[in-house]
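The numbered points may be read in order, each beside the structure.

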Amino acid sequence: MRVRIRPSKAHGHMEAPPSKSMAHRLLICAGLAEGESVISNVDLSRDILTTLGCLQALGADVSCEKEKKRVTVRGIDIRSRTRAAELDCGECASTLRFMIPVCLTSGNKSTLTGSRTLFQRPLSVYEDICREQKLTYEKRENRLTVAGSLAAGEYVVPGNISSQFISGLLFILPLLEKDSTIRLIPPVESRPYIDMTILALREFGVTVFPEVPALSMPAAGTVPHGLQDKSRGFCSFREGFILRIPGGQRYSPRTDLRVEGDYSNAAFFEALNLLGSEVEIDGLDENSLQADKIFRSYFEKLRKGYAEADLSDCPDLGPVLMVLAAALHGGRFTGTRRLKIKESDRGTAMRQELEKMGIRMELSENEIRIEPGIKPPGEVLDGHNDHRIVMALSVLLTRTGGTIRGAQAVAKSLPDFFERLKKLGIEADCDESDTA
């Protein structure tokens, strides 16, 4: 799909999209809870449908009400699975990394498939665990076969890799008979995403303890939207690097959980305000644990002048921060190492596209520098099959005008992205017949 955007400004109110990160976590917990769970405010993006498909492949029953944004899941006792399963993970790294430990519970063989680019993303944490525990781990170009059951015990995991590996283990270790620990080797990056997983588990009656918790976490169901409130100590484990997981726990089904608004995708719409638009976003909880909540602080720095920002905990903000730096006063971003292993090599991809608009961008191992001064692109921009690249470039084109090919990538996380833009007054024409 190609989208042509003409210079225009947005005006109005918009409800924040539901959090994809939290939806993944709640739906997996529901799939592991014997009985019926109902999760509301779920945006059925391509990634979320992928996770639901994997839960169905493992034996869970899933029913979606698209118009009501509601999903009903009848979960299973994953330990008693008796058949082999094949799970299509598409292009979703979250689904793949969350599902590998889920598959390593009953002893039965599971094959996880997906795109070649998905399987180019790191999985070494699980490979090392399977080798140490003598579990089957057979990886090919676009598939991975695993078999065996994870053992309870101590897991030592580097803290500077994707938090998705830690979350994947957290889903399953509580179900094992004996206690486990996860020791995170500092520095620990993307810690807020681990917080979110711990809190999702808590909503389904499963407890994980930091080594030295500063405050107690509240009982399940006491937080209105199910997931927020740093003031109660949900991030207290950040002072320690050991997560203690009691064994012998069980997930309890829930019928009253609602996915909170998503700061990650809301950032693209609030970014329009720095380019002259007037958009108000409703439905974002100020006490959310989401790492990308920090975008408002970073946006304010960019608005005032040349800005510096650390992306170690919020790599998904990289593309939108880059386009704002280019359009405004320039910027320096550190903690960018992990941008290389996202849906695209985001630093390199953004440099290629911003160069088409006259922007100079310098890349190093863990740093990106951008000089300001954009001009209309002299050629079609490329979305690099990356939803966040497409959305970030779309924001920039509202000032200069231009065309993006491969715009269908937005379906990964926000299928109605362009419809939302148009409702706010952005002039955007989508050519569905052009698949480039």
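1. Strand β10 and strand β11 (residues 180-185) run parallel and are joined by 5 bridges. One of these pairings can be located by residue: Y155 has I182 as its bridge partner in β11. The model is a predicted one.

2. The two strands belong to an open sheet of 4 strands, ordered β10-β11-β13-β12, with mixed pairing. Because β10 (154-158) and β12 (209-210) each have a single partner strand, they stand at the edges, and one side of each is left without a neighbour in the sheet. Helix α5 (residues 163-172) packs on this sheet and touches β10, β11 and β13 (242-245). The direction of α5 makes about 170 degrees with that of β11.

3. Residue L169 deserves attention as a member of helix α5. Is L169 buried or exposed? L169 counts as buried, at 1% relative accessibility. Leaving aside residues up to four places away in sequence, L169 touches P101, Y126, I129, L150, Y155, V157, P174 and I182. Among these contacts are Y155 and I182, the two residues that are bridge partners between β10 and β11. By contrast, the C-alpha atoms of L169 and M357 are separated by 43 Å, the two residues being 188 residues apart along the chain.

4. The largest nonpolar core has 78 residues, of which L112, L170, I182 and Y251 touch the most other members. Apart from this core lies another, of 66 residues, including I5, F295, L321 and V410. As background, nonpolar side chains tend to be buried together in soluble globular proteins.

5. How many disulfides are there? The count comes to 0. For C29, the closest cysteine sulfur is that of C54, at 15 Å, which is too far for a bond, given that a disulfide requires sulfur atoms within 2.5 Å. C29 is also buried, with a relative accessible area of 0%.

6. A second open sheet of 4 strands has the order β16-β17-β19-β18, and its pairing is mixed. Its edge strands are β16 (307-310) and β18 (361-364), each of which pairs on one side only. From one strand to the next, the twist averages 10 degrees. Strand β16 is joined to strand β17 (residues 331-334) by 4 bridges, and the two run parallel. D310 has T334 as its bridge partner in β17. Helix α8 (residues 295-304) lies across β16 and β17 and runs at about 160 degrees to β16.

7. Helix α9 (residues 318-327) has 10 of its 10 residues buried, so this helix is largely enclosed by the rest of the structure. Its buried residues include G318, P319, V320 and L321. L321 is also among the members of the core of 66 residues.

8. Helix α7 is likewise mostly covered, with 9 of its 9 residues buried; among them are Y263, F268, F269 and E270. The N-terminal end of α7 is capped by D262, a side-chain oxygen of which lies 3.2 Å from the backbone nitrogen of S264.

9. N265 lies in helix α7 (residues 263-271) and is buried, with a relative accessible area of 1%. With which residue does the side chain of N265 make a polar contact? The partner is the side chain of R388, at 3.3 Å. Not counting residues up to four places away in sequence, N265 touches P17, R388, M391, S413 and L414.

10. A last point concerns a hairpin, in which β8 is joined to β9 through 3 residues. Strands β8 (residues 136-139) and β9 (residues 143-147) run antiparallel and are joined by 4 bridges. In this pairing, E138 has T145 as its bridge partner in β9.

Technical notes:
Residues are numbered from 1 along each chain as its sequence is written. This is a predicted model: local features need pLDDT of at least 70, side-chain atom pairs count only at pLDDT 80 or more; totals for chains, interfaces and linings use all residues. Side-chain values use heavy atoms; hydrogens and water are left out. Two strands pair if DSSP finds at least two bridges between them. Buried means under 20% relative accessible area, exposed over 50%, partly exposed in between (1.4 Å probe, protein chains only). A polar contact is a pair of N or O atoms within 3.5 Å; within protein, one must be able to donate a hydrogen and the other to accept it, and residues adjacent in sequence count only if both atoms are side-chain atoms. Contact means heavy atoms within 4.5 Å. Axes are lines fitted to C-alpha atoms, for helices over the stretch in contact, and angles run from 0 to 180 degrees between N-to-C directions. A nonpolar core is a set of buried Ala, Val, Leu, Ile, Met, Phe, Trp, Tyr and Cys residues joined through side-chain atoms within 4.5 Å.
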